[in-house]
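Dear colleague,

Please find below the structure I wished to hand over to you. My notes on what was found in it follow directly after.

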2 protein chains.
Amino acid sequence: MKIKELFSGQATQIEGEVTVRGWIRNHRKQKNMGFIELYDGSCFKSLQLVYTAEQDADGKLKGLRNGACIEVTGIVQPGFQKELIELNVKDVLLLGDCTEDYPLQPKRHSIEFLRENAYLRPRTRLFQAVFRVRSVAAQAIHTYFTERGFLYVNTPLITANDAEGAGNTFTVTTLDIADVKSGDKKTFEEICKDDFFGRHASLAVTGQLEAEVFAMAFGDVYTFGPTFRAEHSNTKTHAAEFWMIEPEMAFCDLEQLMDVEEDFLKTILVYIIEKCDDELTFLENFTKLPLRERMKKVIHSQIARVSHKEAIRILRESGEQFEFEPKYGEDTAKEHEKYLTEKHFKAPVFIYDWPKDIKAFYMYQNDDEQTVGAVDLLVPGAGELMGGSQRETRYDRLLARMNELGISADSMWWYLNLCRYGACEHAGFGMGFERLLIYVTGMENIRDVIPFHRTQGNCEY
Amino acid sequence: MKIKELFSGQATQIEGEVTVRGWIRNHRKQKNMGFIELYDGSCFKSLQLVYTAEQDADGKLKGLRNGACIEVTGIVQPGFQKELIELNVKDVLLLGDCTEDYPLQPKRHSIEFLRENAYLRPRTRLFQAVFRVRSVAAQAIHTYFTERGFLYVNTPLITANDAEGAGNTFTVTTLDIADVKSGDKKTFEEICKDDFFGRHASLAVTGQLEAEVFAMAFGDVYTFGPTFRAEHSNTKTHAAEFWMIEPEMAFCDLEQLMDVEEDFLKTILVYIIEKCDDELTFLENFTKLPLRERMKKVIHSQIARVSHKEAIRILRESGEQFEFEPKYGEDTAKEHEKYLTEKHFKAPVFIYDWPKDIKAFYMYQNDDEQTVGAVDLLVPGAGELMGGSQRETRYDRLLARMNELGISADSMWWYLNLCRYGACEHAGFGMGFERLLIYVTGMENIRDVIPFHRTQGNCEY
């Protein structure tokens with residue numbers, strides 16, 4: 001029986017005999033009694049096993065080590081804490097022993113130590129909470145889109161185009177790196193001709209353009225998969241490999257896009273709060289952050305919507321001393337975003353109609369010729385959580401913008417053709433999955449919400 | 001309104017006025033009337049738009065081209081076919097025109113032509129069916145595991161280890177290929193030290209070993225994500241990038257693994273049949289294959305279970321003329337698998353306890369010292385659909401096997417350590433998502449069940 005089943009049906013089980021299997025997280029031995037904290041990963045709660053010295057005449061129980069895997073049969077009895085139950089041990093079977101040098105001991109390990117032991121940290125209570133929330137959040141996202149008829153589309157990870165332009169990408173190759181003869185004075189293109197795909201290929205930084213292809217056939221679609229950036233910056237929020245959600249909707253303008261983003265965010269937060277009670281309780285304690293309270297604030301807020309121009313005006317008139325002066329036509333800094341969400345609006349805020357020069361080529365060019373139909377969602381405690389835009393579908397304007405930015409129209413022929421073959425108003429957004437998880441779990445570092453993180457110099461496991 | 005909503009609530013809509021938006025798949029013009037087939041991707045069915053010459057006095061309707069995107073308002077009326085409805089057009093708005101050179105015309109295009117135009121093929125009925133089935137099958141899989149408490153885990157795509165040993169992998173690098181100075185006589189390791197991860201990194205061929213890490217913490221887990229093989233073979237079933245499902249379960253032996261595989265397969269087939277009625281009807285017509293009939297046979301069959309030895313005996317005693325002689329201790333050929341599933345058992349069959357020399361290092365070594373606890377599931381019409389095994393958890397045996405096969409224990413220190421820290425009996429299987437889709441949709445080529453296929457020389461879009 002799983003420990004989850006035991007807890008969920010506990011009323012009927014008192015005095016009943018059950019057999020459970022799991023791992024020992026902690027074993028406290030007193031003179032006449034022993035207490036074993038057993039977990040099996042099926043739920044956040046551990047089951048307390050209790051035995052007396054008399055029950056353990058042969059010392060089999062007493063000898064059990066932390067980390068060991070056991071099968072235990074016992075009688076369910078009310079626990080010390082009212083809402084819990086515990087198991088009075090009748091018999092135990094050692095399924096897999098654990099050596100004395102087991103790195104996880106019943107003390108508080110530093111988060112850096114656990115990161116280095118990424119293959120063991122899923123066993124700790126902290127990471128049982130984090131990775132369960134991650135799994136539930138993924139369910140929430142798939143469920144949201146499935147219930148609304150969105151098509152799930154798997155866009156390619158290996159790609160010959162680079163949608164974001166100057167992104168730092170990883171090259172994918174089957175060439176023997178040590179054996180490429182640069183002495184032959186071959187050009188880059190010539191070398192790539194011998195490569196697996198016959199051209200230079202890299203890991204995708206987004207699936208958006210391919211998602212647009214599908215939106216022009218299925219209406220509402222979404223991607224949910226890995227993306228890659230060769231980020232050399234060693235920050236708490238950047239990783240070389242992370243997961244993205246990118247919905248794309250036909251017959252959707254910027255205003256409707258904000259409606260979807262708002263509904264999406266609120267719905268998945270409700271889902272996570274409902275399903276992760278024990279995990280969030282633990283994480284609130286661990287992080288000292290009011291995780292649910294701030295999520296509920298978002299759920300019950302009306303998300304403010306201001307143009308970039310208006311946002312800059314608010315910042316300039318705020319009387320705040322900013323390190324960077326807020327300027328029309330320029331990007332906002334973290335301190336600006338913080339002021340807007342935490343001080344001015346005290347709520348999440350959509351900032352839309354961004355200066356075109358700081359945004360991507362595929363965004364809808366507004367009539368003012370200064371701005372594009374882009375929108376960023378800022379959330380208190382999370383910063384920029386989603387970025388989206390209405391897409392440019394006017395062939396001439398799109399091509400002109402690509403030329404201005406030096407993006408090759410040749411390699412993007414198919415994307416340009418979308419404009420010619422029954423294009424309609426459409427829009428979409430991207431959300432970094434780990435960014436959501438950092439917000440929901442209160443963990444500070446992206447490395448701690450990914451099972452095995454990939455950053456510069458780190459590729460273990 | 002989406003066309004799906006219109007069809008699902010059709011009884012109440014007759015005589016009602018509705019507005020729908022979508023794309024023109026076909027426009028038939030008769031002398032006094034016109035018929036437009038409109039689709040919006042929300043469901044497989046198209047909506048027929050009808051207009052008379054009188055209604056179209058200004059010729060606005062008549063001029064509409066295939067591929068164009070329109071918004072149309074009209075009155076719902078019973079269709080020519082009893083079960084359908086159609087729309088009598090009152091007004092139309094051209095949202096996005098389509099040029100005359102639109103590659104998709106209302107005739108049957110070859111599947112090769114559509115493959116080359118992969119950015120347009122999602123608009124055809126065939127690929128509307130295929131990619132909807134793909135999306136529904138993904139839902140089915142996530143739903144199956146979610147309902148059973150499995151943790152969804154995202155294993156890393158960029159990896160420094162190669163679980164399958166000799167797999168052809170893609171290198172992931174930020175080195176400038178054209179600028180690596182082999183003249184410096186640097187060793188491969190030295191060159192890789194300058195690379196992004198400080199070592200040689202490649203794209204993962206499996207997430208199994210990392211999934212095992214999580215199974216030893218959460219009990220039941222599964223992965224569902226992309227995997228990569230630098231396959232130089234140009235076949236109908238191989239792609240360089242494809243999606244895999246890899247569940248891993250603690251406290252699970254080979255027999256229980258087969259139970260899970262059987263239940264999993266039947267459950268997702270039921271789900272797909274339920275949700276994809278229109279799509280499967282079309283695909284049955286297109287492929288001339290009894291898709292649902294053969295799926296239902298699987299659903300209602302008891303899957304046979306025979307050892308590899310027994311399977312070879314059956315083959316050798318069959319009296320069949322095989323091109324390759326079935327041999328104890330060797331792999332089976334496609335013709336053997338076909339005979340077993342289609343002639344002998346007339347049902348799917350599990351073949352278990354395979355000769356150890358043809359299987360991977362991590363599989364449980366049976367007492368006979370000849371075989372390992374591996375199991376392949378063969379399905380009529382699909383071939384090998386799943387491959388799984390109980391895992392070796394005895395440290396000495398695992399290490400010995402790695403040494404025999406020349407697999408570096410140094411780089412696998414963490415995997416080996418799993419044996420030392422509370423290991424328990426566990427097992428898992430892998431299923432190629434596209435292999436399932438080939439079976440369910442009846443499509444012959446893996447290139448036609450992936451949105452944008454990646455094979456040698458092909459990296460367009």
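**Helices H7 and H8 of chain B**

In this predicted model, B:Ile272, B:Ile273 and B:Lys275 of H7(B) are in contact with B:Asp277, B:Glu279 and B:Leu280 of H8(B). By class, the residues of this contact comprise three nonpolar, no polar and three charged. Helix H7 of chain B covers residues 254–275 and helix H8 of chain B covers residues 277–287; their axes come within 5 Å and cross at roughly 90°. Because angles of 65 to 115 degrees count as roughly perpendicular, H7(B) is described as roughly perpendicular to H8(B).

**Interface of chain A and chain B**

The contact between the two chains involves 108 residues from chain A and 108 residues from chain B. About 9200 Å² is buried between chain A and chain B, and carbon and sulfur atoms give 64% of that area. On the chain A side, the residues that lose the most area to chain B are A:Ile177, A:Phe196 and A:Tyr421, together 9% of what that side buries.

A:Glu460 forms a salt bridge with B:Arg199, with the closest N and O atoms 3.6 Å apart.

Helix H4 of chain A (residues 125–147) supplies 10 residues, the largest share of the side of chain A that touches chain B. That side is made up of 59 nonpolar, 31 polar and 18 charged residues.

Yours sincerely

Technical notes: Residues numbered from 1 in each chain as written. Chains lettered and ligands numbered in written order. Predicted model: local features only at pLDDT ≥ 70, side-chain atom pairs only at ≥ 80, totals over all residues. Heavy atoms only, no water. Axes fitted to C-alpha atoms, helices over the stretch in contact; angles between N-to-C directions. Helix = DSSP H or I, 4+ residues; strand = E, 2+ residues; numbered from the N terminus. Parallel < 35°, antiparallel > 145°, perpendicular 65-115°, else oblique. Contact = heavy atoms within 4.5 Å. Nonpolar A, V, L, I, M, F, W, Y, C, P; charged D, E, K, R; others polar. Buried area = accessible area lost by both parts, 1.4 Å probe. Salt bridge = Lys/Arg side-chain N within 4 Å of Asp/Glu carboxyl O.
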